[in-house]
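This briefing covers a protein chain and its ligand. The ligand site comes first, then the fold and the overall dimensions.

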Amino acid sequence: LSSSSTYTTPPSVLLLGPDNAGKTALLTLFERGSQPAATHTSQVAHSIELNASTDSVTRSSFRNHDDATGTHTKFFLVDTPGHGKLRNVAMGRLARTEKVKAVVFMVDAAALGEQDTLAPTAAYLYDVLLFLQKKATSKGKDKASIPVLIAANKMDLFTALPATMVKSHLEVELSRIRASRSKGLLDSGVGMDDVGSEEQDGWLGEYGSEKFTFQQMGEFDIDVEVLPGSVLTEEPGADKWWWWIAQRI
Ligand code: GTP
Ligand code: MG
């Protein structure tokens, strides 16, 4: 009997990113299909089940839950708390969730021009990317290259940086963090060829490169894309993110 009821867990997509980025608002928007709900600071992870279709007429819209014409893929969308003191909750989810097919790292594009927001946002992203890099290079059965969408949210606000600048600001800050975390290693006079694999393992992206770029994650088969959107307004809305997710589950 048990053979006829093979239970398979649907894949998961994790919503990560600093507090106030709009993660919970996005989850409620996808869940309801119309308007996002009012939110409070999240203190626990929360997951919902969604269906995405990649072959119906409205495939690129998150409103395609209602569309009965296509084939749907069931998946879990997992919201996590962004507060720095709860970082272990989010990173724990990333480490323990089964079948993670994609990570959506949400940022507040309207606040990213401020160093006060950029620095902690990039520090968090650095930890996530390094975790994924280690996972991609591991030899165990958990080895996987998980793609990352950087969802540049709040594009409706006039202070919002365009997606290209969200990308370049983050790359500059990630380069800075990488340099400071590996301080001593490169200035120690040790030649590039003499460095042990342990040091290389702790280095994000192309080893020894001066500037970090998201493209360097391609070495580990990790695709990183930055796409603009807004949870609160129809334009540019959240459809681009939905379509990115739908293609990866
Ligand atoms: P934590 O739970 O603390 O990690 O934050 P969060 O990422 O879940 O943020 P949340 O969804 O609670 O949104 C924070 C605030 O940003 C709320 O007041 C939202 O209404 C607002 N917000 C979310 N998306 C947008 C957007 O696209 N534009 C604007 N203007 N505000 C937004
Ligand atoms: Mg939240």
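A polar contact here is a pair of N or O atoms within 3.5 Å. The model is predicted. In it, a polar side-chain atom of Lys23 lies 2.7 Å from an oxygen atom of ligand 1, and ligand 1 sits in the largest pocket.

- For Gly82, a backbone N or O atom lies 2.7 Å from an oxygen atom of ligand 1.
- On its own, ligand 1 has 650 Å² of accessible area, and the protein covers 84% of that area.

**Shell around the ligand**
- Ligand 1 is surrounded by 20 residues, and the closest are Lys23, Thr39, Ser42, Gly82 and Asp156.
- The shell divides by class into nine polar, seven nonpolar and four charged residues.
- Helix α1, which spans residues 23-32, gives the most to this shell, with three residues.

**Secondary structure**
- The chain contains six helices and six strands.
- Read from the N terminus, the order of elements is β-α-β-β-α-β-α-β-α-α-β-α.

**Overall dimensions**
- The radius of gyration of the chain is 19 Å, which agrees with a compact globule, because a globule of 249 residues would have a value near 18 Å.
- Along the principal axes, the C-alpha atoms fill a box of roughly 65 × 55 × 35 Å.

Conventions
Residues numbered from 1 in each chain as written. Chains lettered and ligands numbered in written order. Predicted model: local features only at pLDDT ≥ 70, side-chain atom pairs only at ≥ 80, totals over all residues. Heavy atoms only, no water. Near = heavy atom within 4 Å. Polar contact = N/O pair within 3.5 Å; in protein donor to acceptor, adjacent residues only side chain to side chain. Areas by Shrake-Rupley, 256 points an atom, 1.4 Å probe, with all protein chains shown as cover. 1 Å grid on protein atoms, 1.4 Å probe; cavity = no way out; pocket = protein on both sides within 12 Å on 5 of 7 lines; lining within 4 Å. Sits in = over half its atoms within 2 Å of the grid points. Helix = DSSP H or I, 4+ residues; strand = E, 2+ residues; numbered from the N terminus. Nonpolar A, V, L, I, M, F, W, Y, C, P; charged D, E, K, R; others polar. Rg over C-alpha atoms; globule rule 2.2 N^0.38 Å.
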